[in-house]
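This briefing describes the architecture of a structure for a reader who is new to the subject. Please keep the sequence and the model in view while reading.

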Amino acid sequence: MKRYAYYLSCINESMTKEVDRSIELWQKDLGIELVKLHEGTCCGGSNLEYVSPKHFALVNGRNIALAEKMGLDLIVSCNTCLMTIRTAKKKLDESPELKKEINEILKKEGLEYRGTSEVRHLLWVLVDDVGLDTIREKVKVPLKNYRIAPFYGCHILRPSTVLGHDNPRDPTSLDQLIEALGGETIPYTHKNRCCGFHTLLVAEQESLNVAAEALQEAIESKADFIVTPCPLCHTSLDGYQAKALKNAGIENSIPVFHISEMIGLALGYSAKQLGIKRHIVC
Amino acid sequence: MTVSTDQHKEGKKEVTFRVFRFNPQVDSKPYFDDYTIPVERGVTVLRSLNYIKEHIDGSVSFRAFCQAGICGSCGMRVNGLSQLACTTQVWDVLAKSREPGIIKVEPLRNLPLIKDLIVDMDPLVGKMVHYSNWVDSTMPEAQMGKKEFLISEEEFLRYDKATDCILCASCVSECSILRANKEYVSPAVLLKSYRMNVDSRDASHDQRLAELVKDHGVWDCTHCYRCQESCVKSIPIMDAIHGIREDAIESRGKHDTSGSKHAEAFMTDIEKKGKLIEATLPIRTNGVVWTLQNLLPMAMKMIMKRRTPPPPPLVKSVKGIKIFRAMFKEMTEHVKQDHKSHNK
């Protein structure tokens with residue numbers, strides 16, 4: 001059983017509780033144990049970085065230091081949390097002065113940021129550590145009759161100087177996971193595009209247009225559902241779907257799944273157990 | 001560097017360029033023309049287009065000048081990605097082509113089309129004018145030419161990378177928000193605006209910033225990083241966008257616009273509970289009226305699905321919040337000290 005520290009994303013603690021619930025169901029089936037980091041704080045959601053760069057470094061240096069204290073890598077299941085914490089890590093690793101400054105403060109809690117733990121997305125752990133062969137072996141209900149649109153989202157791909165796992169122009173890890181679970185991926189040009197989430201409250205019309213485009217292509221390609229590794233993309237594409245499509249004059253709908261739910265289905269768990277009924281579009 | 005034997009053997013290939021064609025004066029709709037030509041290893045997409053124009057079809061239209069990645073004229077989409085035709089090697093693109101042996105060449109997006117691969121740059125130039133993308137000198141005219149403006153290395157480094165921009169418009173073509181609304185300021189203009197705003201020789205900082213925080217300005221960026229990823233000069237464009245936002249909050253206050261209120265909420269909530277209080281985020285960003293008008297129908301659906309975030313009193317603080325708050329406050333003191341020494 002390989003152990004990891006698991007970062008609790010704000011959205012998974014409130015609106016998309018089904019993400020962590022479904023991971024809990026199958027983690028042991030795939031030979032991994034995610035130890036929840038209850039002391040971890042909000043990463044700042046790609047905003048704290050410019051509101052106060054130093055608080056941003058402190059908060060996320062601390063998040064990583066908590067995992068380092070346990071001697072584990074930090075695993076994240078929200079793209080924006082991933083990008084944000086990795087950005088802070090890069091800044092701390094590149095600046096000995098900044099690292100020294102935050103470590104002076106972290107001493108108060110008996111913590112030290114050393115830079116020894118990696119910050120990784122759950123999708124990467126599944127593809128790289130668990131391995132596609134193991135996943136294939138564990139599948140009980142192959143997703144064989146499903147045509148699936150893989151929506152990666154931005155912050156698992158870009159900026160590539162911070163993320164660096166998939167080629168942002170032609171990502172493959174999610175496609176590989178879908179295929180390992182027995183599903184069929186459709187050619188989907190929006191796979192590496194944006195969901196519009198981050199401006200839903202500031203530039204709503206623009207965000208809805210962005211979401212509608214991604215939904216429209218999946219609908220027109222006759223995909224059975226969209227799958228995403230990010231709960232923020234899910235919120236934009238599922239929660240705001242009716243509004244986005246109405247706005248674009250499209251009378252249709254398409255379900256959107258989290259990767260954790262898609263895996264759960266293939267491993268034999270029910271839609272109810274996985275919390276899929278909680279989606280706005282079912 | 002090792003070069004594969006395949007490449008040694010294969011120094012020349014027949015390559016098909018599938019070129020976007022549209023002349024609004026003649027054609028009712030766009031179409032593609034295929035041109036198959038022999039291409040040697042090391043040849044760029046621009047040289048291939050020149051060959052097609054000279055030897056096969058003189059009517060193919062594109063814009064190009066320096067042929068060396070300096071002037072920014074030949075921005076176009078090669079296999080879907082906005083880049084300079086003159087610095088893009090045919091061999092490199094071919095290796096990743098979806099259809100073997102075929103390279104698709106299309107005009108940049110998000111700008112009006114003039115003909116074939118030529119887009120109209122005027123809307124971009126118009127925005128550069130609107131946001132005063134030049135240094136408006138603080139030096140009185142009488143002193144100009146008589147006195148030097150000395151810039152410290154530290155200041156220069158703040159906009160050094162931004163000055164690499166050659167206005168090729170690749171970032172404009174890739175921008176998610178511009179695709180959704182053509183009024184949006186656009187990444188290149190935000191980059192230029194940042195570059196001017198951090199220049200101590202410039203006198204228009206406040207007016208420029210006042211324009212940048214309005215609708216279709218800096219707060220409409222959705223942080224998708226497509227601009228930065230496609231930049232042909234590898235400029236960290238998002239750093240410039242973040243820089244304008246940081247400056248806007250510092251110079252104009254955290255309650256200035258919905259964008260600044262939204263951003264500031266993260267700072268406040270993290271200090272208070274260690275996590276985001278999502279339930280009140282729409283109200284704190286846009287007020288009660290906007291929230292009721294825009295989010296009520298969706299909120300009802302979310303309540304039915306038990307998907308609503310918990311009300312603020314039910315948001316539990318993270319474990320160990322007391323010591324976390326003390327550390328957060330200590331950093332606030334550091335930041336205050338930084339500002340004091342910076343102002344000195």
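In this predicted model, 26 residues of domain 1 of chain A are in contact with 29 residues of domain 2 of chain A; two residues are in contact if their C-beta atoms, placed from the backbone, lie within 7 Å. Local features need pLDDT of at least 70, side-chain atom pairs count only at pLDDT 80 or more, and totals for chains, interfaces and linings use all residues. Residues are numbered from 1 along each chain as its sequence is written, while chains are lettered from A and ligands numbered from 1 in the order in which they are written.

**Domains**

- Chain A is divided into domain 1 (2-121) and domain 2 (132-278), with bounds that come from an automatic or database domain assignment.
- The C-alpha centres of these two domains of chain A are 24 Å apart.
- On the side of domain 1 of chain A that touches domain 2 of chain A, the elements giving two or more residues are helix 1 (10-14), helix 2 (18-26) and helix 5 (79-94) of chain A.
- For chain B, the assignment gives domain 1 (11-118), domain 2 (121-139 + 151-252) and domain 3 (265-338).
- The centres of domain 1 and domain 3 of chain B, taken over C-alpha atoms, are separated by 49 Å.

**Overall form of chain A**

- Chain A contains 13 helices and eight strands; helices (H or I, at least four residues) and strands (E, at least two) are DSSP runs, numbered from the N terminus.
- The radius of gyration of chain A, taken over C-alpha atoms, is 19 Å, close to the 19 Å that the globule rule gives for 282 residues, so chain A is as compact as a globular protein of that length. The globule rule is 2.2 Å times the number of residues to the power 0.38.
- The C-alpha trace of chain A spans about 55 × 45 × 30 Å along its principal axes.
- Of the 282 residues of chain A, 61% count as buried, that is, 20 or more other C-beta atoms, placed from the backbone, lie within 10 Å of the residue's own.

**Strands and sheets**

- Strands of a sheet pair through backbone hydrogen bonds, either parallel or antiparallel; here two strands pair if DSSP finds at least two bridges between them.
- In chain A, an open sheet of four strands has the order 2-1-3-4, with parallel pairing.
- Strand 2 (32-36) and strand 4 (119-121) of chain A stand at the edges with a single partner strand each, so one side of each has no neighbour in the sheet.
- Strand 3 (residues 74-76) of chain A runs parallel to strand 4 of chain A and is joined to it by three bridges; L74(A) stands opposite V119(A).
- Strand 7 (residues 225-228) of chain A pairs in the parallel sense over three bridges with strand 5 (residues 147-150) of chain A, where I226(A) is the bridge partner of A149(A).
- Strand 7 of chain A also pairs in the parallel sense over three bridges with strand 8 (residues 256-258) of chain A, and V227(A) has F257(A) as its bridge partner.
- In chain B, strand 3 (residues 75-78) and strand 4 (residues 81-84) pair in the antiparallel sense over four bridges.
- These two strands of chain B form a hairpin with two residues between them, and N79(B) in the turn has a positive phi of about 50 degrees.

Technical notes: A residue is buried if 20 or more other C-beta atoms lie within 10 Å of its own, exposed if 12 or fewer, and partly exposed in between; C-beta atoms are placed from the backbone.
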